[in-house]
Amino acid sequence: MRLEIDVEKQLGAFFCRIDCRLESESCGVFGPSGSGKTTLMNMLAGLVPPDRGRITLDGVPLFDHRAGINHKPEKRRIGVVFQHAFLFEHLNVRNNLLYGMKRTPQQRRSIDPVHLFRALDLEHLLERRVTRLSGGERQRVALGRAMLASPRLILLDEPLTGLDRALKFRIIPHLRQVFTEFSIPYLFISHSHQEMRLMTKDVLIMEQGQVARLTTTEELARSTAASADRGYTNFLEFENRQDCGNLLTYQWGTNRLTVVKTVDAPESAVFSLSARDIVLFKRHPEASSARNILVATVRSTQLTDWLVRVELDCYGRTLIAEIVPQSMVELGIRPGTSCIVVFKASALRRLT
Ligand SMILES: Nc1ncnc2c1ncn2[C@@H]1O[C@H](COP(=O)(O)OP(=O)(O)OP(=O)(O)O)[C@@H](O)[C@H]1O
């Protein structure tokens, strides 16, 4: 996706001036309430016309004030999924899903509905009335309906807000996989750093109607960690689950890590680990109740407010620990030194 935006819009007392260029398959849109995220989405979708400027998608103008171009929403081929899935209540799941597809010319249809129903795990719900769906099911139907219109871009405006935490994190990998499989680029608005990091790598930061910067979700997580209760949160992508009595182990790069057992633990998953739950040792501890003990090399250290953030290389995988400055001095922690990283199985919390 190549999206170029250079527009202005006055909405009452709110003035929005957006000038940015995105070149990636997905991007988050992050910013405080009232910073203009939805206004941006509305201008892209054609629901709110800018006062001036130009928007192009893959080189094709969607809006060009000077040239008098302002394509109608249905001509833009941009799908929108909102926080509340606006479904047609009089239609069943199948007819909701097929609604956009039926209005898309045959030669533009790029997605096989049966394949998509399976990917979104909706096959068993096709004949059900949408009034009898759960929140997560409704969101999946709204997403499927938008995708079946074979859009060039999908705008997701807080699509997971309102779902409970467990369901939200279960849906995310599913969503990413479906977007990748069907090669549909997306912009994703969310107030949650965690959701944003799991959904995209790039993120547009909005402030007072302007793009403050285009950065990565990882950089955003690092820059805002000091104000978070538990500091920076590591995301660890685990695979190859194995049962070990009342514990589970997963592969993380070349390391095998132990987590507390849960009934529905998947084969692969993302786990979170607070940087403040990691303990560093100079030498291998003699005996410890903690299940996870790794050798690491210090890549960098950075003083943040009251703590030192230590970036560690664990055989090619990155971990961030936050320790007090006195510990850094006592352990002789500096770039290039090695140390032992220790954390409890229970410090690893499953996200997806
Ligand atoms: N039609 C309108 N008339 C006047 N002001 C408006 C109109 N639509 C939006 N605004 C104002 O524009 C500002 C930006 O709104 P917008 O919905 O884009 O923010 P947002 O970043 O999406 O916020 P949130 O995270 O709360 O959804 C807000 O101050 C809002 O009150």
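Predicted model: local features only at pLDDT ≥ 70, side-chain atom pairs only at ≥ 80, totals over all residues.
Gly-253 takes a positive phi near 65° in the hairpin of β13 and β14. Two residues lie between these strands. The protein chain has nine helices and 21 strands. Buried residues make up 37% of its 352 residues.

- Strand β13 covers residues 247–252.
- Six bridges join β13 to strand β14 (residues 255–260), and the two run antiparallel.
- Within this pairing, Tyr-250 has Leu-257 in β14 as its bridge partner.
- β13 also pairs with strand β12 (residues 233–244), through four bridges and again antiparallel.
- Here Asp-243 stands opposite Leu-248 in β13.
- β12 and β13 form a hairpin too, with two residues between them.
- Gly-245 sits in that turn and has a positive phi of about 65°.
- Which residues make up the covered face of β13, and which the uncovered one? Leu-248, Tyr-250 and Trp-252 form the covered face. Leu-247, Thr-249 and Gln-251 form the uncovered face.

**The five-stranded sheet**

- Five strands form an open sheet, in the order β16-β20-β17-β18-β19.
- The pairing in this sheet is antiparallel.
- β16 (279–281) and β19 stand at the edges. Each has a single partner strand, so one side of each is left without a neighbour in the sheet.
- Neighbouring strands of the sheet are turned by 45° against each other on average, direction ignored.
- β16 pairs with strand β20 (residues 338–343) over three bridges, in the antiparallel sense.
- Phe-281 has Ile-340 in β20 as its bridge partner.

- The ligand is surrounded by Leu-11, Gly-12, Phe-14, Gly-31, Ser-33, Gly-34, Ser-35, Gly-36, Lys-37, Thr-38 and Thr-39.
- By class, this shell has two nonpolar, eight polar and one charged residues.
- Which element gives the most to the shell? Helix α1 (residues 37–45) does, with three residues.
- Why is α1 described as largely enclosed by the rest of the structure? Seven of its nine residues are buried.
- The buried residues of α1 are Lys-37, Thr-39, Leu-40, Met-41, Asn-42, Met-43 and Leu-44.
- Lys-37 is therefore both part of the ligand shell and buried, with 20 or more other C-beta atoms within 10 Å.
- Gly-46 follows α1 and has a positive phi, near 90°.

- Ser-150 has a positive phi of about 50°, although it is not a glycine.
- Ser-150 is found in the loop between α5 (135–148) and β8 (153–157).
- Is Ser-150 buried, exposed or partly exposed? Ser-150 is partly exposed, because 18 other C-beta atoms lie within 10 Å, while burial takes 20 or more.
- Tyr-315 is another residue other than glycine with a positive phi, near 50°.
- Tyr-315 lies in the loop between β18 (307–314) and β19 (317–323).
- Tyr-315 counts as exposed, because it has 12 C-beta neighbours inside 10 Å and the limit for exposed is 12 or fewer.

**Annotated regions**

- UniProt, in an unreviewed entry, places the feature "domain: ABC transporter" at residues 2–233.
- Over residues 2–233 the chain is 33% helix and 28% strand. The end C-alpha atoms of this stretch are 31 Å apart.
- The UniProt annotation "domain: Mop", also from an unreviewed entry, covers residues 287–352.
- Over residues 287–352 the chain is 11% helix and 55% strand. Here the end C-alpha atoms are 32 Å apart.

**The whole chain**

- The C-alpha trace spans about 70 × 45 × 30 Å along its principal axes.

Notes. Residues numbered from 1 in each chain as written. Near = placed C-beta within 6 Å. Nonpolar A, V, L, I, M, F, W, Y, C, P; charged D, E, K, R; others polar. UniProt positions renumbered as here; feature names shortened; annotations may be inferred. Pairing = 2+ DSSP bridges. Axes fitted to C-alpha atoms, helices over the stretch in contact; angles between N-to-C directions.
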